[in-house]
Amino acid sequence: MKLKYTPLLLSLFLSQSANASEPQAFIGFGINDGISSVHTDWVSNPSFRVGANFSDKHRLYSYLEIDKDIYNLVGSYDYFMPISDNKDWRFFVGASTGIQVVESHKDDLILGAQTGINYRINKNFNTELGYRVHDTRRIWKERNMSQLDTFYIAIDFAV
């Protein structure tokens, strides 16, 4: 099976295991600031997000991160844990997989995990501050995965 179909299959599997309640779709925008598998310096770049919340505890989404000639298309699953009585503040942990397309070399698989704090502003808007550790399969063998950390801030709008 081709490497590029792995994220799609994982997303389908995770969507089947999520709660069967009515999903709430969202779109969003984020700013990532960190070290990537190609850059060794801290670099800020945008990301565009689309996904769905399946309950107060489960979320599936994909994001496209663009950095000059590098495109990361990543699918993620997050599990939420409320940290306030009204459930507006939530801690989350999750896992991701995707594909990195770089014009200068061969496409590669992305694997990683993320964690952070999500705040529900109202029923239509969420914002979050997160931390990701993602790496590509090719580079993972050459260095410590903890060298590839990214902090990000994002805002999502329910559609």
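How many helices and strands does the protein chain have? The chain has 2 helices and 8 strands, where helices (H or I, at least four residues) and strands (E, at least two) are DSSP runs numbered from the N terminus. The model is predicted: local features need pLDDT of at least 70, side-chain atom pairs count only at pLDDT 80 or more, and totals for chains, interfaces and linings use all residues. Residues are numbered from 1 along each chain as its sequence is written, and side-chain values use heavy atoms, with hydrogens and water left out.

**View 1. Overall chain.** The order of elements along the sequence is α-β-β-β-β-β-β-β-α-β. Of its 159 residues, 42% are buried (under 20% relative accessible area, 1.4 Å probe, protein chains only).

**View 2. The ring pair of phenylalanine 80 and phenylalanine 92.** The whole structure contains 7 aromatic pairs (ring centres of Phe, Tyr or the six-membered ring of Trp within 6.5 Å). The ring centres of phenylalanine 80 and phenylalanine 92 are 5.9 Å apart with planes at 65°, so this pair is edge-to-face (planes over 60 degrees apart). Phenylalanine 80 belongs to strand 4 (residues 70-82) and phenylalanine 92 to strand 5 (residues 89-102), 12 residues apart. Phenylalanine 80 is buried at 0% relative accessibility, and phenylalanine 92 is buried with a relative accessible area of 0%.

**View 3. Arginines over rings.** Arginine 59 lies over the face of phenylalanine 92, 5.2 Å from the ring centre (for Arg, CZ within 6 Å of the ring centre and within 35 degrees of the ring normal). The charged end of arginine 132 sits over the ring of tyrosine 152, 3.8 Å from its centre.

**View 4. An aromatic cluster.** Phe26, Tyr61 and Tyr63 are linked into a cluster by ring pairs.

Technical notes:
Buried < 20%, exposed > 50% of the residue type's maximum accessible area, 1.4 Å probe, protein only. Phe/Tyr/Trp six-rings, centres within 6.5 Å; stacked < 30°, edge-to-face > 60°.
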